[in-house]
Amino acid sequence: MKKVGIIGAGAMGSGIAQVAATAGHSVVLFDTKAEALSLSKSKLASVMDRLVEKGRLKSEEAQEIQKRISYADHMEALSESGIIIEAIIENLDVKKGVFSSIESLVSKDCILASNTSSLSIASIASACERSERVLGIHFFNPAPLMPLVEIIPAIQTANEITDEARNIIDSWKKITVLAKDTPGFIVNRVARPFYGEAIRILEEGIADVATIDWAMKEIGGFRMGPFELTDYIGHDVNYVVTETVFKAFFYDPRYKPSFTQKRLVEAVRLGRKSGQGFYDYSPGAVNPKPNTDQALGTEIVNRITAMLINEAIDALFLNIASAKDIDLAMTKGVNYPKGLLAWADEKGLDMVLTQLEELYKNYCEDRYRPSPLLRKMVNEQKTFY
Ligand code: NAI
């Protein structure tokens with residue numbers, strides 16, 4: 001079994017270390033900050049205690065898992081790794097520096113992976129002399145609980161490295177999907193309208209925050225509404241992803257960020273963590289009740305899901321991933337109630353197209369343009385499954 005090296009002992013690195021150690025690997029977790037390492041170690045101990053209390057792990061197993069992880073404040077400790085996963089701050093120059101230094105320490109067949117959410121893998125790989133061994137391995141937060149992992153080969157990555165990395169992550173009992181090295185990969189690209197279109201409906205005054213969240217949960221079947229979810233993620237984090245994806249798509253209007261969310265960030269109303277976002281979380285705060293009119297709710301759900309489906313179809317059109325992987329990504333990475341392509345079949349592709357054409361006609365905005373693949377499939381009377 002390969003030794004696993006993890007760079008960055010924050011939320012993601014610590015979670016990935018737990019997953020790898022649980023699968024039986026010996027793991028070295030490296031961080032430049034001693035406090036990050038001690039915090040990671042104590043958090044893992046309490047997670048293990050809870051799993052033992054709940055009967056999910058035997059006490060000896062929990063001890064073994066913890067013993068398999070060693071904590072290091074110097075990069076040299078990673079020299080015997082067979083695979084390294086980097087999960088440090090989301091900054092291209094810093095990541096490239098780390099990839100360039102790590103390459104001189106490890107054996108020539110060590111796989112080098114980044115957990116980046118939004119940076120180009122080709123660009124990170126370019127920092128290495130043997131760039132064919134570099135790829136993206138993108139976990140979701142919290143890594144021990146979320147089943148999905150996106151595997152992202154760069155244009156430089158050797159096929160054998162992609163296969164080997166995928167086999168390793170599959171053996172960690174994760175569900176892997178293969179994604180092209182394009183902004184947001186699958187999930188962070190296809191999910192944009194969940195936030196963006198909901199905010200747009202709010203900005204137009206069609207419905208308020210509570211009503212849109214209610215509709216998406218009660219009628220749409222989503223686990224959380226878009227406003228609850230962005231308050232939970234943090235508007236600083238969610239806004240940066242939106243802005244990064246927008247810029248990376250050369251300013252395609254489909255991914256345009258909103259002023260509403262930008263102002264929340266500027267006002268430091270970051271969501272739950274700051275006590276206020278779209279909702280007020282201060283003690284005793286009374287938030288508005290939803291308008292539970294079914295017709296309005298259905299209009300909201302239809303509009304947002306049509307935009308999500310269009311995004312999923314366009315990802316398929318541009319060969320970002322297979323239909324199966326696009327559907328798996330959204331159900332296993334962000335808990336959507338159904339795969340979007342399966343949902344498209346269920347709704348009827350002609351219905352989805354009509355809805356998008358209506359929006360496009362009313363607003364004359366490029367963001368509502370239907371994917372050419374949707375139009376083609378309707379013309380040919382085809383379905384995805
Ligand atoms: P974090 O801020 O919780 O942890 C980053 C850790 O990296 C910190 O402990 C920091 O001390 C350490 N670090 C920074 N520079 C370093 C260096 N040069 N060498 C060694 N350690 C260094 O960040 P988080 O949330 O764990 O994110 C890490 C990566 O994972 C980012 O690329 C992020 O985009 C990606 N990601 C984050 C997700 C999330 O929901 N938080 C989800 C999926 C991916």
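1. Asn115 counts as buried, at 7% relative accessibility. In this predicted model, Asn115 sits in the loop that runs between strand 5 (111-114) and helix 5 (121-125).

2. The surroundings of Asn115 can be listed. Leaving aside residues up to four places away in sequence, Asn115 touches Met12, Ile16, Ile85, Glu86, Ala87, Ile137, His138 and Phe139. For Phe139 there is also a polar approach to report: a polar atom of the Asn115 side chain lies 2.8 Å from the backbone nitrogen of Phe139. A reader checking the loop between strand 5 and helix 5 may wish to look at Asn115 and Phe139 together.

3. On cysteines, the search of the whole structure finds zero disulfides. A disulfide would need the sulfur atoms within 2.5 Å. Cys128 is likewise in no disulfide, the nearest cysteine sulfur being that of Cys110.

4. Are Cys110 and Cys128 buried or exposed? Cys110 counts as buried because its relative accessibility is 0%. Cys128 is buried as well, with a relative accessible area of 6%. The cut-off that applies here is under 20% relative accessible area.

5. The protein chain is divided into two parts, domain 1 (4-178) and domain 2 (189-379). Taken over C-alpha atoms, the centres of domain 1 and domain 2 are separated by 30 Å.

6. The interface between the domains can be described by residues and by area. Nine residues of domain 1 are in contact with ten residues of domain 2. About 760 Å² is buried between domain 1 and domain 2, and carbon and sulfur atoms give 69% of that area.

7. Which charged pair joins the domains? The count between domain 1 and domain 2 is one salt bridge. Arg166 forms a salt bridge with Asp325, and their closest N and O atoms are 3.8 Å apart. As for polar contacts, one residue pair is found across the interface of domain 1 and domain 2, with both residues at pLDDT 80 or more. On the side of domain 1 that touches domain 2, the largest share comes from strand 8 (residues 175-178), which contributes three residues.

Methods
Residues numbered from 1 in each chain as written. Predicted model: local features only at pLDDT ≥ 70, side-chain atom pairs only at ≥ 80, totals over all residues. Heavy atoms only, no water. Buried < 20%, exposed > 50% of the residue type's maximum accessible area, 1.4 Å probe, protein only. Domains from an automatic or database assignment. Contact = heavy atoms within 4.5 Å. Buried area = accessible area lost by both parts, 1.4 Å probe. Salt bridge = Lys/Arg side-chain N within 4 Å of Asp/Glu carboxyl O. Polar contact = N/O pair within 3.5 Å; in protein donor to acceptor, adjacent residues only side chain to side chain. Helix = DSSP H or I, 4+ residues; strand = E, 2+ residues; numbered from the N terminus.
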